[in-house]
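Colleague: I am new to this structure and would like to learn how to read its features. Could you take me through them slowly, one at a time?

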Amino acid sequence: PSPPTLATTASYCNQDPMIDLIATANSGGTITWYLDAGLNNSIGTGPNLSPIDSLGTVIYFATETVGTCTSAADTITVTIYPISPPPTVSIDTNLCLENLSHELTATPLWGGTITWHEDEALLIEIDTGNTLIPSFELGTNTYYVTETALCCCKSQPTMITVTVEDCDTIPDNVYMPNVYMPNDDMPMCHIPQGLRRRAHRSPYN
């Protein structure tokens, strides 16, 4: 008989669910699966076979037997790729609303592609590349960064948080007292910059 019909390759990422290998008997015979080209190591019979869940590449050989005649083997190659570790990212930081030109950076540990996401489920992609200058909003901005390496395997995400504050906003109950400075030389280094600009708004005027 002629060899059975198989798909040529199958690829997975580590821990992905795998589907059975399928061989079609072209002459109505019995399918036998092997792990070696010499057809000495039989691992199962029948049209379906569960692949071995192990990192790396395994070649499976399948023959068809009709009566006492056995076909030549056809093969299918199954590769299971490892998943890269999450990328390293720049540290969480705080920014002022008045100065938002800040670049986030991520380093792929396996030389893969960095992808930036808005959501923890990784459904909304912002951009790709090792750097990102986002459009920050007031409050907490959270980003999730992954690396896709080797075949197509995406790492677990690394989270980075950027907190944006309005640094010029002063609480209504904070006042600067009037201070007499005849030479305008009072040290101001201990006074926050925003307070310095609004010191004249003391209710004690």
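Modeller: Let us begin with threonine 32, which is found in strand E4, residues 30–34; helices (H or I, at least four residues) and strands (E, at least two) are DSSP runs, numbered from the N terminus. This is a predicted model, in which local features need pLDDT of at least 70 and side-chain atom pairs count only at pLDDT 80 or more, while totals for chains, interfaces and linings use all residues. Residues are numbered from 1 along each chain as its sequence is written, and side-chain values use heavy atoms, with hydrogens and water left out.

Colleague: Is threonine 32 buried or exposed, and which residues does threonine 32 touch?

Modeller: Buried means under 20% relative accessible area, exposed over 50%, and partly exposed in between, with a 1.4 Å probe and protein chains only. Threonine 32 counts as buried because its relative accessibility is 12%. Contact means heavy atoms within 4.5 Å, and, not counting residues up to four places away in sequence, threonine 32 touches Ser42, Gly44, Thr45, Phe61, Ala62 and Thr63.

Colleague: How many disulfides does the structure hold?

Modeller: A disulfide is a pair of cysteine sulfur atoms within 2.5 Å, and the structure holds three disulfides. With bonded cysteines counted along the chain, they follow the pattern 1-5, 2-6, 3-4.

Colleague: What parts does the pair of cysteine 13 and cysteine 153 tie together?

Modeller: The sulfur atoms of cysteine 13 and cysteine 153 are 2.0 Å apart, and the link is left-handed, with -100° about the S-S bond. Because cysteine 13 lies in strand E2 (residues 9–13) and cysteine 153 in strand E17 (residues 153–154), the pair ties together parts that are 140 residues apart in sequence. Both cysteine 13 and cysteine 153 are buried.

Colleague: Which cysteine is joined to cysteine 96?

Modeller: A disulfide joins cysteine 96 to cysteine 167, with an S to S distance of 1.9 Å. Cysteine 96 lies in strand E11 (residues 93–96) and cysteine 167 in the loop between strand E18 (158–165) and helix H1 (193–197), so this pair ties together parts that are 71 residues apart in sequence. The torsion about their S-S bond is about -90°, and the disulfide is therefore left-handed.

Colleague: Why is the disulfide of cysteine 151 and cysteine 152 right-handed?

Modeller: Cysteine 151 is joined to cysteine 152 with an S to S distance of 2.3 Å, and the disulfide is right-handed because the torsion about the S-S bond is about 65°. Cysteine 151 counts as partly exposed at 36% relative accessibility, and cysteine 152 is partly exposed at 44%.
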